[in-house]
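Let's take a walk through this fold together.

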Amino acid sequence: VTWRWLNTRPIFVADFWNSGPLTHGCIAAGRSTGYLHVTHRGDICPCVFMMYSNLNMHETDSDTPLLDAVRSDFFARIREGQKQKQDNPLAPCQIVDHPEVLKQAVEATGARSTQEGQTILDELHPQVCARAAQWREIADELWTTSGAWTGLRDAYSDNGWLLPG
């Protein structure tokens, strides 16, 4: 339904996972034309779903905490992962499509979970990685051979986006 609406109505409908081709992949971590998320407690996170933070707005003396977060090593590592994994915008997410990027960024920078009982980087991580690998095979097949993506695939290729493989 979403794709039919996008092609037949003068509206823009987007969601985080299924609109990767429209946003050139993951938009988290203050990426240019992207965004970040601030929790109700003041934790600055790369994404509303990526509930890890290295800076809290209430625990800093800085006058520019949002800019500090965007310039932080944690956010920079997430953005670097976005660049490295941009070959298929049908699998853009640093949580469910490339969970190793989030795990490496958290471990390297000491970012902390903003959620009690967070398990995505510990006991659930192997399952998330397995699911990501399964989806990646499907997404790569869709991106490289599906006629539905021909125009976007060509535009991405012309603008420096790489095809999987």
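**Where the helices meet**

Start where Asp-73, Phe-74, Arg-77, Ile-78 and Gly-81 of helix 4 touch Val-101, Leu-102, Ala-105, Val-106, Ala-108 and Thr-109 of helix 5; contact here means heavy atoms within 4.5 Å. Sorted by class, this contact of helix 4 with helix 5 holds 7 nonpolar, 2 polar and 2 charged residues. For the classes, Ala, Val, Leu, Ile, Met, Phe, Trp, Tyr, Cys and Pro count as nonpolar, Asp, Glu, Lys and Arg as charged, and the others, Gly among them, as polar.

Before going on, a word on what you're looking at: this is a predicted model, where local features need pLDDT of at least 70 and side-chain atom pairs count only at pLDDT 80 or more, while totals for chains, interfaces and linings use all residues. Residues are numbered from 1 along each chain as its sequence is written, and side-chain values use heavy atoms, leaving out hydrogens and water.

Back to the pair. The axes are lines fitted to C-alpha atoms over the stretch in contact, with angles from 0 to 180 degrees between N-to-C directions. Helices are DSSP runs of H or I with at least four residues, strands are E runs of at least two, and both are numbered from the N terminus.

Now follow helix 5 to its other partner here, helix 6 (residues 125-145): the two pack at an angle of about 140°, with axes 9 Å apart. Pro-99, Glu-100 and Lys-103 of helix 5 meet His-125, Val-128, Cys-129 and Ala-132 of helix 6. That contact of helix 5 with helix 6 divides into 4 nonpolar, 1 polar and 2 charged residues.

What about helix 6 on its own? In helix 6, His-125, Val-128, Ala-132, Arg-136, Ala-139 and Trp-143 are buried, meaning under 20% relative accessible area with a 1.4 Å probe, protein chains only.

**Stepping back**

How many helices and strands are there in the protein? There are 7 helices and 4 strands, running α-α-β-β-β-α-α-α-β-α-α along the sequence. Buried residues make up 38% of the 165 residues.

One last stop is Ala-29, in the loop between helix 2 (20-23) and strand 1 (37-38). Its phi is near 70°, a positive value in a residue other than glycine. Ala-29 counts as buried because its relative accessibility is 0%.

Note on methods: Buried < 20%, exposed > 50% of the residue type's maximum accessible area, 1.4 Å probe, protein only.
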